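Subject: Structure handover and notes

Hello,

Please find the structure below, followed by notes on what was found in it. The notes cover strands, the core and the aromatic rings, in that order.

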Amino acid sequence: MKRSIQKNNLLRMAGSLVMALLSSAGAEMVCAGTITLTDLNLGDAMSISSLNNTANGVTVTETYGEKTLIPYSSLVPLYPDSGHNAIVTASGTYFDKVVTYTGFNSGDLFEFEFQILNDTFSCPDSDWRDYHFEIWNDDFTARQQAPWASPNPNSGNLPTLASDQFTGLVIHPNVATFHSFAGSGERHEYGVVGTYTLRMELYSFNNTGDGSFGLRQVATTAVPEPGSMAIFGLGVSLVVAARRKRVQSKLGDSALAI
């Protein structure tokens with residue numbers, strides 16, 4: 001009887017050890033390494049506010065608050081870029097960050113979940129039409145091919161690249177574009193936090209578990225129509241005229257007081 005109890009205890013211990021090893025191996029298959037994100041332009045209105053580890057990767061909370069429009073092309077010769085402007089800083093810089101990773105194995109899938117606040121209130125249009133993730137080298141001098149893990153037949157139950165704001169997705173070697181379809185009315189509206197999920201096999205960047213790459217995020221909006229620009233220009237002119245009138249009025253009052 002005593003031998004039987006000891007045997008059962010040994011079997012239970014062995015079973016627990018096997019389950020622990022299997023659980024550990026399963027976790028490593030999803031995300032074995034670690035990453036850091038470095039914002040390259042800390043003085044602008046586009047910023048990382050938090051980064052939290054998850055079972056499959058990280059959740060990054062961000063604010064995108066610039067208001068200057070410039071013509072944009074993601075270099076992808078497809079519909080989403082047609083007639084759109086990038087929303088950038090006043091000096092024309094983008095929302096750039098360097099991703100540094102370490103300790104990854106071949107086949108490890110890492111999930112980036114970006115929760116992004118649209119804080120780009122401006123005339124003529126504050127709602128985003130597309131959202132782009134561009135992949136560069138870590139000094140942003142050359143495009144780099146991204147090892148997108150979607151579509152990936154080995155991804156199991158992990159969700160694919162996705163967005164809760166747009167139903168359209170175009171995957172190119174160095175850019176993933178979430179976009180609205182013509183006439184769909186889809187927008188990532190001002191004041192709304194949108195979730196964008198990317199999945200990558202980081203080891204595949206350079207066939208090594210340690211490395212870095214540049215990640216550029218680009219929100220776009222429609223090119224202003226001439227009528228909208230005229231109204232905007234008129235509004236600016238009225239504001240300038242009102243300010244000039246107040247200044248002249250103050251100067252007149254000062255002259256009378258002398």
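Two strands are taken to pair if DSSP finds at least two bridges between them; strands (E, at least two residues) and helices (H or I, at least four) are DSSP runs, numbered from the N terminus. This is a predicted model, in which local features need pLDDT of at least 70 and side-chain atom pairs count only at pLDDT 80 or more, while totals for chains, interfaces and linings use all residues. Residues are numbered from 1 along each chain as its sequence is written, and side-chain values use heavy atoms, with hydrogens and water left out.

Strands

An open sheet is formed by five strands in the order β2-β3-β7-β12-β9, with mixed pairing. Its edge strands, each pairing on one side only, are β2 (46–53) and β9 (162–163).

Between β2 and β3 there are seven bridges in the antiparallel sense, and the two strands form a hairpin with three residues between them. Met-46 has Tyr-64 as its bridge partner in β3. Of the eight residues of β3, seven are buried, so the strand is largely enclosed by the rest of the structure. Buried here means under 20% relative accessible area, exposed means over 50%, and partly exposed is in between (1.4 Å probe, protein chains only).

Ser-163 has Tyr-196 in β12 as its bridge partner.

Core

A nonpolar core is a set of buried Ala, Val, Leu, Ile, Met, Phe, Trp, Tyr and Cys residues joined through side-chain atoms within 4.5 Å. The largest one has 33 residues, and Phe-112, Tyr-131 and Leu-202 have the most contacts inside it. Elements giving two or more residues to this core include β1 (34–39), β3 (57–64), β7 (110–118), β8 (130–136) and β13 (211–222). With four residues, β7 provides the largest share. Another core, of five residues, lies apart from it; among its members are Tyr-72, Ala-86, Val-88 and Tyr-94.

Contact means heavy atoms within 4.5 Å. Beyond its neighbours within four places in sequence, Tyr-131 is in contact with residues including Tyr-64, Phe-95, Ile-116, Phe-166, Phe-178 and Tyr-196.

Aromatic rings

Rings of Phe, Tyr and Trp (its six-membered ring) pair if their centres lie within 6.5 Å; planes under 30 degrees apart count as stacked, over 60 as edge-to-face and the rest as tilted. This rule gives 19 aromatic pairs.

One of them is Tyr-64 with Trp-128, edge-to-face at 5.2 Å centre to centre and 65° between the planes. Tyr-64 belongs to strand β3 and Trp-128 to the loop between β7 and β8, so the pair ties together parts that are 64 residues apart in sequence. Tyr-64 counts as buried, at 0% relative accessibility, and Trp-128 counts as buried, at 0% relative accessibility.

Trp-136 and Phe-140 make a tilted pair, with 6.2 Å centre to centre and 40° between the planes. Both residues, Trp-136 and Phe-140, are buried.

A charge sits over a ring if NZ of Lys or CZ of Arg is within 6 Å of the ring centre and within 35 degrees of the ring normal. Arg-216 lies over the face of Trp-136, 4.8 Å from the ring centre. The charged end of Lys-97 sits over the ring of Phe-95, at 3.9 Å from its centre.

Regards
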